[in-house]
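Please open the model in your viewer and keep the sequence panel at hand.

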Amino acid sequence: MKWIIGILVLILWFYILHVTKKAKLSAWRFVWGAVGLFVISMVYIRPYITIPLARIVSAVAGGFGQMTGTFSSYFKYSTIFVSHASGDMTVQIDFECSGVIEILAFLSILAFFEIYNLQEKFLVGIAGSMYLVLANAIRLILICEIIHFAGSDYYYIAHTYLGRIVFYVLAVVLYFFVFTKPQVVKMKVGDFSYDHQ
């Protein structure tokens with residue numbers, strides 16, 4: 001039943017994409033396409049990529065922890081063990097910490113962003129996804145280092161505030177270079193253009 005509903009939703013999504021393209025409603029096509037692709041991806045793709053992404057983020061962060069000796073990663077289980085003065089703490093990398101939401105949102109926007117051609121979208125999609133994995137690993141490293149040096153009492157502050165701030169600042173940098181800057185460069189008003197081709 002779930003697959004039948006999914007196919008019907010997919011048909012409706014493609015139909016409205018077709019209508020908005022034919023009617024030359026670019027903004028509506030972008031919003032409908034990006035939001036629709038994100039929702040479809042969250043329902044049908046997310047279950048298959050969450051655990052592999054959590055393992056990758058755990059392995060990348062764990063590499064830093066192993067070099068510094070402040071924490072260790074068991075990436076097969078998406079788990080990080082942090083030692084600190086008053087004991088040890090386990091950090092489990094779950095659905096929210098895997099970065100899957102941010103990566104699927106980024107790819108969904110990119111898919112309908114008309115500045116790039118198909119090949120550029122493919123390359124930017126791979127590079128951007130890798131960047132988001134690295135940004136998420138940096139967030140985890142920060143959290144683990146704070147726990148290691150300040151203790152488990154600082155986990156909430158490190159995870160809820162500092163880690164998120166660092167991750168979202170890095171995400172804003174990505175969005176600026178992938179979406180904002182190319183849009184401004186290709187902007188043309190009358191005879192004026194930033195594009196010097």
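The model is predicted. Begin by selecting helix 2, residues 26–44. This helix comprises 19 residues and spans 26 Å from its first C-alpha to its last, close to the 27 Å expected at 1.5 Å a residue. Within helix 2, now highlight R29, G33, A34, G36, I40, S41, M42 and Y44, which are buried. Against which helices do the buried residues of helix 2 pack? Display helix 1 (2–22), helix 3 (46–68) and helix 4 (100–111), for these are their packing partners.

Next, select K24, in the loop between helix 1 and helix 2. Its phi is near 60°, a positive value in a residue other than glycine. Is K24 buried or exposed? K24 counts as exposed because its relative accessibility is 72%, and the cut-off for that class is over 50%.

Proceed to S78, in the loop between strand 1 (71–74) and strand 2 (79–84). S78 also has a positive phi, near 55°, and is likewise a residue other than glycine. With a relative accessibility of 6%, S78 counts as buried, since buried means under 20%.

Finally, turn to the surface and select Y154, Y156, I157, Y161, L162, I165, V169, V173, F176 and F177. Together they form a nonpolar patch with about 970 Å² of accessible area. One of its members, I157, is found in helix 6 (residues 155–185).

Note on methods. Residues are numbered from 1 along each chain as its sequence is written. This is a predicted model: local features need pLDDT of at least 70, side-chain atom pairs count only at pLDDT 80 or more; totals for chains, interfaces and linings use all residues. Side-chain values use heavy atoms; hydrogens and water are left out. Patches are made of residues with over 30% relative accessible area and no salt bridge: like charges are joined within 9 Å, nonpolar side chains (Val, Leu, Ile, Met, Phe, Trp, Tyr) within 5 Å. Accessible areas come from the Shrake-Rupley method with a 1.4 Å probe; for residues, only the protein chains shown count as cover. A salt bridge is a side-chain nitrogen of Lys or Arg within 4 Å of a carboxyl oxygen of Asp or Glu. Helices (H or I, at least four residues) and strands (E, at least two) are DSSP runs, numbered from the N terminus. The expected span of a helix is 1.5 Å times one less than its number of residues. Buried means under 20% relative accessible area, exposed over 50%, partly exposed in between (1.4 Å probe, protein chains only). Contact means heavy atoms within 4.5 Å.
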